[in-house]
Amino acid sequence: MVAQADEELQQQYFHSLEKKEQLEEKMRDTMEVPCRVVSCAQCKYTHYRALDSCSEQAHKLTWHSAKKRFFRCHHCGERAVSFDRLPKRHCRKCGVFKWERDGMLKEKKGPKIGGETLQPRGRGTTSVSE
Ligand SMILES: [Zn+2]
Ligand SMILES: [Zn+2]
């Protein structure tokens with residue numbers, strides 16, 4: 001009985017782990033997300049919300065849908081987002097202007113979670129013997 005409960009717990013654990021990995025994978029594959037942004041013709045910016053000064057000075061604000069894209073500095077790995085095809089600025093960390101497309105989620109270095117710490121049938125509670 002104890003072993004069975006343990007197994008159930010393990011399955012739950014793996015199930016949630018799988019879900020998490022699926023989600024992470026999906027996020028890694030997500031290179032852009034649609035969003036609503038506002039542009040000011042006078043100040044020449046595009047952002048989630050308009051500056052107060054723009055409203056105060058009655059600048060012409062245009063709301064439109066855009067795509068938020070994810071980038072990574074080719075040189076140092078610093079991440080950036082942009083509504084344009086490329087970020088308009090240099091990397092704030094190393095100053096290099098060399099962006100490459102990246103996923104929503106940062107690529108993890110090293111082994112995957114759970115992969116090496118917990119083996120699916122390495123606990124001795126299962127009936128498999130070789
Ligand atoms: Zn403005
Ligand atoms: Zn950089």
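Visitor: Which strand gives the largest share of the lining of the largest pocket?
Guide: Strand E2 does, with three residues. This is a predicted model. E2 spans 45-47, and E4, spanning 79-82, also supplies at least two lining residues.

Visitor: How much space lies in that largest pocket, and which residues are closest to its centre?
Guide: The space is about 310 Å³. Thirteen residues line the pocket, and Thr-46, Val-81, Ser-82, Phe-83 and Asp-84 are the closest to its centre.

Visitor: What is the make-up of the lining of the largest pocket: how many nonpolar, polar and charged residues?
Guide: The lining divides into five nonpolar, three polar and five charged residues.

Visitor: Which residues of E4 are on the covered face, and which on the uncovered one?
Guide: Ala-80 and Ser-82 form the covered face, Arg-79 and Val-81 the uncovered one. In a regular strand, side chains alternate between the two faces of the sheet.

Visitor: What makes E3 and E4 a pair?
Guide: Pairing needs at least two bridges. E3, residues 61-73, and E4 have four, in the antiparallel sense. So they count as paired. One of the contacts joins Arg-69 to its bridge partner Ser-82 in E4. The hairpin has five residues between the strands, and Gly-77 takes a positive phi near 90 degrees there.

Visitor: Why is the site of the zinc ion (ligand 2) called tetrahedral?
Guide: The ion is coordinated by the SG atoms of Cys-73, Cys-76, Cys-91 and Cys-94, at 2.2 to 2.4 Å. Four donors count as tetrahedral if all angles lie between 85 and 135 degrees. Here the angles are 100 to 114 degrees, so the site is tetrahedral. Along the chain the donor spacing is C-x2-C-x14-C-x2-C.

Visitor: Why is Cys-73 called buried, and what is Cys-76 called?
Guide: Buried means under 20% relative accessible area. Cys-73 has 1%, so it is buried. Cys-76 has 34%, between 20% and 50%, so Cys-76 is partly exposed.

Visitor: How do you know which atoms are donors of the zinc ion (ligand 1)?
Guide: A donor must be an N, O or S atom within 2.8 Å. Cys-40 (SG), Cys-43 (SG), Cys-54 (SG) and His-59 (ND1) lie 2.1 to 2.3 Å from the ion, so they qualify. Their spacing is C-x2-C-x10-C-x4-H. Angles of 103 to 116 degrees make this site tetrahedral.

Visitor: Are Cys-54 and His-59 buried or exposed?
Guide: Cys-54 has a relative accessible area of 0%, and His-59 has 17%. Both values are under 20%, so both residues are buried.

How values were computed
Residues are numbered from 1 along each chain as its sequence is written. Chains are lettered from A and ligands numbered from 1 in the order in which they are written. This is a predicted model: local features need pLDDT of at least 70, side-chain atom pairs count only at pLDDT 80 or more; totals for chains, interfaces and linings use all residues. Side-chain values use heavy atoms; hydrogens and water are left out. Donors are N, O and S atoms within 2.8 Å of the metal (3.2 Å for Na, K and Ca); water is not among the atoms, so sites may look incomplete. Four donors count as tetrahedral if all angles lie between 85 and 135 degrees; four count as square planar and six as octahedral if opposite donors are over 155 degrees apart and all others between 65 and 115; anything else is irregular. Buried means under 20% relative accessible area, exposed over 50%, partly exposed in between (1.4 Å probe, protein chains only). On a 1 Å grid over the protein atoms alone, a cavity is a set of points where a 1.4 Å probe fits but cannot get out, and a pocket is an open set with protein on both sides within 12 Å along at least five of seven lines; lining residues have an atom within 4 Å of a point. Grid points are joined across faces, edges and corners, and a volume is the space filled by probe spheres set on the points. Ala, Val, Leu, Ile, Met, Phe, Trp, Tyr, Cys and Pro count as nonpolar, Asp, Glu, Lys and Arg as charged, and the others, Gly among them, as polar.
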